[in-house]
Amino acid sequence: MLITLRHTESTLFKFFLVFAMYLAIILFTSVVVQAKKTNNQTVEQNIANAKSYVLKADSLVKIAQPDSAIAYILQATTIYQYLGEWNSYVKACNEFALQLQHTNKHNESINLLQKAIVAGEKYLTNPYPLLSNSYNHIATAYRKKGNYQKALNKLTKSLAIQSRILGSTHTDLGDTYYSLASIYYHKGNYKASLKYNQRARRARIQKYGEIHHFVAATYFNIAEVNTLLGNFDEAEKDLLKNLQILKALYKQQNHPKQATTYSSLANVYEKQNKYEAALAASNTALKILAETFEITHPGFVENYKTIGNVYLKQGKYNEAFKHYDAAMKNRKKFLAEKHPYLSEMYLKIGELHFVQNNFEEALASYQQALTIVATNFENPNVFANPSLSKVSSQTWLLAILNNKAAAFNQWYTQSNNPEHLTAALQTYQVACQLIGNIYTISDGNYYKHFEPIAASQTFFDGLATVYKMYEEALKNGEEQIAQKLLNEAFKISEQYKKMQFRQHLQAGNITQYKGLTPNKFQEEQDLKVDIAYHNQKLIEAKQHGDFAVQKDIKDLELLIQHKKNKLDSLIQFYKKSIPQYYQLHYNTQPSTVSSLQEQLNLQYPQSALLQYVVSPSYIYIISVDKTNAYFHKVKHDEQLINNCKNVRQIVSNADEALAPTEANTQTYLQAAHQLYSNLLKDVLQQLPPNTNHLFILPDQHLSYLPFEVLLDTSVETTDNINFQQLPYLVKNYAFSYHYTANDLQYKLQQNRQHKKQDYIGFGTSYNISQLALYNDVHILELAKKPAAQLKDAIEEVEILSSPMNATLFLNEEATLSSLQQNAGKFAIAHLALHTLLIETQPTQSKILFYRDKPAPSSSQLVISDLYQQSLNIDLAVLPSVHFVFDESLNKESNSNEQNLVINGNSIWHLNQAFNYSGVPSLLLNHWQANNNHITILQNFYTALKEKQHLAKALQTSKVNFINNNKPAKAHPYFWSGTMLVGSPATIKTQSNYTSYLFFVCLSLLLSLGGFVFWRNN
């Protein structure tokens, strides 16, 4: 019985326990469901709230209250961020950032988009298309601020995302291509802009069909770029297509958008001298504008100008003046009194007076234009020029100064009044200084309105004016005046060379420099971008004339001045703390003739410097020795250009060297002597008779001319020609090549330290599979050539190291990291590695180290990265150099390789980059010359051991090679390719120093022994 009761109790207990658990589960489930339901309702409510915040923000932006809108969008994105709704978060950021850009809130837009990009990259499993939109929008913001390089970087990332997911031909890439085209247009790279515009057009036609306003926009943009490139027939065709699309879209004859197209057509017709067509197109545009807009619309001005230009070309000066005057009056109605756009009309009116030889009236118009853009300049005297302290538009100021100087020059031809020529020169001096300021301070933010070709012409015209005055002074026996003018010519030539280099340096996208922290570099770039951006905003603020908000103008002026002060402080910091960076970017004080003479007298008394400037019509040559300086001018014509090409082609041709043909030999003999007669004969005759070393500062196609192979005596016959006995200049002179005198002087002033070891050598014998691992189009092209495999590189490094205190890194040890870790201990680095010099992208030139894996840590040294290195070598030897050309640019310009070898971009960038890394001298082969360069380098190193300076050692080596080989081996191909670029200073090695100490100690001991012997006797 007891057992039964206990069993019943146990059963009831289990039943109640199970029942309680069941109730608990039901209750818990009910609570969870209710909580989930409540939570879902909360999430939905939060999402709804976020959407409403986005809508409110959008509405506030549209009524010009972006500051209030930002608070709402921040609430919305905070909700999305909390809920993990990352798609909605990124989408909201993208949409709102675009709205902010419409109200010029670019910094706020960039900050929002950067947050979107971080979130998208971290949380979105499929970031396309949201993240590519983020990159596109942020690129647009940077473009509008004038930071074109950052915009380009962001668009490149966007394109990479899209291409990876969709493929490079997908229609959705059209907008990215369109944005890229816009960036390149603003950078002034019109060929690249044309390429991406054409890609955008193809993608948009595939996506939208022919009749769409997006497609019409690409036709219009392509036409604008073709106009700038001078492809007028193509521009006309695309504008007519744009017009056809607009008429089909809007179903009306006179839609306002058509007026813009007619205006552009008129511009194209005017440039083609199709006067009737130009007038008809402009009048049609004016008719459409009159039906749609007030008379103050800027479209009226553009068409009045075009009509004025047509009448000016036709010689109908009264009609031209009438339309220029109408444009001027139109602009005055809605522009501030000193708005830079007004200066354009004074320029046109000045040009009208100029072509009628009314020089006083022309100069008065130009002077009026000057008083507009130079805001602190009120002087109506046409002989006066403004300072460069307060300028509303540097590019307009440059155009005015050039026109003014040209007017004085032309007036002089009629008046023979020397004051007019002096005034022209003084104006060019201000213009040249202005160009230096533009490149130094704007640093790449000026491309939209600045044409480097026109800037170069300023220097050429300045030199022409100086030379005219120099000749006149010599004719009148005014030696002191002639020397002052020569000093001015030298200054202008140096400013020109500096401008050329800065132009390519800024286009090279170098983002880091040795000694400069990334934050400091970013601060510098941001300041320059902000100054350019706020200057543009100031111009826009002044467009409203009497209705302009004076407080906004004053605030912008104060902000610009504040930014300029900060930048000035930064530049002074560089000058004191990072002098090498300051020298590269900010030193606008060129070397003077007297400072160079002092340097030559101190270090190289038997040397002379020859500075060449190549203009379209003339080559200007300035020679400087330790006591005298002279100025020369020679005609730059097709014959001289062909002579340069012929000499270069023949002396670098292996087949010609091995089996010389009579025709080519005759061509070389004539061209080499003619070049000597044109470029050197008169110059050398004025140098001291003991001159034995020439510092050559070439320009453009002269940069690839080995001056050593020129012949100082005419050789009349090719019968039984003996190349050994030819009168090569190398027999009389040592040569070293440099970019600017300023650069040379900076190197000469540096004191080279003794190094512990002589020589560090790198060599690898490449094979095709090793080169293919680089996956680079230029390297793959190299792999197809016979010179791709450096079969004797290892032997070369070993042979040349034998007489030296050397360390070698061969094959798999020949890495970039080995160079970086060891370079500073050595005087000479011999790199028997491929060096690719890319003419069209000089900062992307590269040196190829050993590579045996798809993605090694160190396999190539890109020239732009050299600016980050600290190598501290006295001399780098690069025996295997290849000049590479961008084939796509070749096709676009219809040029062949020979026509592209004219600027010397890559070789001077290589020189400057190595110099910045602490390598002041380069020895490089301009072509492959079998193994003969090994013999030349052996002799060269031997001469270095004898303490000859680099240029003299190289001359000694070449002359020995010519004299001690068979006559056939004296062909210039075998010895002239090795050239010295940079400082010729003597190398100081520890072994030399030790030897010197040994001989000093030995001499002292002998002297002491002699003294003791004398005392004892």
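**Confidence and backbone**

Guide: In this predicted model, the protein chain averages a pLDDT of 84, and 88% of the residues score at least 70.

Visitor: Where in the protein chain is confidence lowest, and where is it highest?

Guide: The lowest mean, 34, belongs to helix α35 (residues 897-900), whereas strand β2 (residues 618-624) has the highest, at 97. Over residues 31-39 the pLDDT is below 50, and this stretch has zero contacts in the model beyond near neighbours in sequence. Residues 992-1006 also have a pLDDT below 50; beyond near neighbours in sequence, five contacts are found for that stretch.

Visitor: Why is Asn872 called partly exposed?

Guide: The relative accessible area of Asn872 is 36%. Buried means under 20% and exposed means over 50%, with partly exposed in between. Asn872, at 36%, is therefore called partly exposed.

Visitor: What is the phi of Lys947, and where does this residue lie?

Guide: Lys947, a residue other than glycine, has a positive phi near 70°. Its place is the loop between α37 (932-945) and α38 (950-964).

Visitor: How do you know that Lys947 is partly exposed?

Guide: Lys947 has a relative accessible area of 47%. This value lies between the cut-offs of 20% and 50%, so Lys947 is partly exposed.

Conventions:
Residues numbered from 1 in each chain as written. Predicted model: local features only at pLDDT ≥ 70, side-chain atom pairs only at ≥ 80, totals over all residues. Heavy atoms only, no water. pLDDT = per-residue confidence, 0-100. Helix = DSSP H or I, 4+ residues; strand = E, 2+ residues; numbered from the N terminus. Contact = heavy atoms within 4.5 Å. Buried < 20%, exposed > 50% of the residue type's maximum accessible area, 1.4 Å probe, protein only.
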